Amino acid sequence: MPDLLASENTPFAVALALLFLVVLVQGLGLSNLLPFGDADLDAADDAPDLGGGLASLVGLGQVPLLVWLSTFLACFALLGLSLQHLVTGLFGAPFDALGASGAALLVAVPANGVVTRLLGRVWPHDETTAVPLDALVGMRGRIAVGTAAAGSSRLAIPPCTTGSTARRRPSCR
C-alpha cells in the first residue's frame with residue numbers, strides 16, 4: 001500500500017486531516033468558539049435558483065453543508081488513495097499528486113452526490129405542524145399562556161373536536 005505521507009498522496013492526506021479536524025471540532029463542541037460560529041448559509045426564498053441542477057447533482061441541499069463537506073472529503077481521500085494503490089499495483093508506480101487529485105476529483109464528486117442523496121433520505125428534516133393564520137380566522141380557542149391582546153402572540157389551544165387531532169392531544173382525552 002502506498003505510504004500516506006508520500007508526496008503523491010499529499011492531497012489525500014490533507015483531505016483526511018481536514019476531515020479529522022472537522023470531526024474533532026464538532027465532537028468536542030468547539031465550533032461555538034470559532035468567529036464564524038453558526039453561519040446561516042440558506043438562500044432567501046425569492047433568490048433566483050442559479051445552478052440548482054448542478055447543486056442537486058452533487059448532493060448539495062440534501063444534508064447540512066458540514067455533512068456534505070465531510071462526506072466529500074472522505075470520498076476524495078478514500079477514492080484517491082484507492083486509485084493510487086490500484087495504479088501502483090498495475091503499473092509499479094503511482095500517479096503524481098496533481099494527476100491523482102484530478103482523477104480522484106472526477107470520481108469523488110458524483111460519488112459524493114450518491115452518498116449525500118442516500119444520507120438525505122434518512123437525515124432528519126425540518127418539520128412543522130404550524131397552521132397558517134388564515135385557517136385560524138373565526139375559530140374559537142382557549143388561551144393557555146398569557147393574556148389575549150391585539151398585536152401580541154399567545155398560546156391558544158383550539159377546542160377539542162372529534163377529529164384525529166383531538167385524539168392525539170392529551171388535553172382532549
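Tutor: Happy to. Let's begin with phenylalanine 76, which is buried at a relative accessible area of 10%; buried means under 20% relative accessible area, exposed over 50%, and partly exposed in between, using a 1.4 Å probe and protein chains only. Before going on, a word on the ground rules: this is a predicted model, where local features need pLDDT of at least 70, side-chain atom pairs count only at pLDDT 80 or more, and totals for chains, interfaces and linings use all residues. Residues are numbered from 1 along each chain as its sequence is written, and side-chain values use heavy atoms, with hydrogens and water left out.

Now to the rings. The structure has three aromatic pairs; rings of Phe, Tyr and Trp (its six-membered ring) pair if their centres lie within 6.5 Å, with planes under 30 degrees apart counted as stacked, over 60 as edge-to-face and the rest as tilted. One of them joins phenylalanine 76 to phenylalanine 12, a tilted pair with 5.2 Å from centre to centre and 50 degrees between the planes. Because phenylalanine 12 belongs to helix H1 (residues 10-28) and phenylalanine 76 to helix H3, this pair ties together parts 64 residues apart in sequence. Helices here are DSSP runs of H or I, at least four residues, numbered from the N terminus. Phenylalanine 12 is buried too, with a relative accessible area of 0%.

The rings of tryptophan 68 and phenylalanine 72 are stacked, because their centres are 5.7 Å apart and their planes meet at 5 degrees. These two sit in helix H3, four residues apart, about one turn of the helix, and both are buried. Ring pairs link Phe12, Trp68, Phe72 and Phe76 into a cluster.

Trp68 also leads us to a neighbour, threonine 116, which touches Trp68 and others including Val58, Gln62 and Thr71, leaving aside residues up to four places away in sequence; contact means heavy atoms within 4.5 Å. Threonine 116 lies in helix H4 (residues 97-122) and is buried, at a relative accessible area of 0%. Its side chain reaches the backbone oxygen of glycine 113 at 3.2 Å.

The chain averages 77, and 67% of the residues score at least 70. Confidence is highest in helix H3 (residues 65-91), at a mean of 93, and lowest in helix H6 (residues 164-168), at 49. Where pLDDT is low, the predicted coordinates should not be read in detail.

Note on methods
A polar contact is a pair of N or O atoms within 3.5 Å; within protein, one must be able to donate a hydrogen and the other to accept it, and residues adjacent in sequence count only if both atoms are side-chain atoms. pLDDT is the predictor's confidence in each residue, from 0 to 100.
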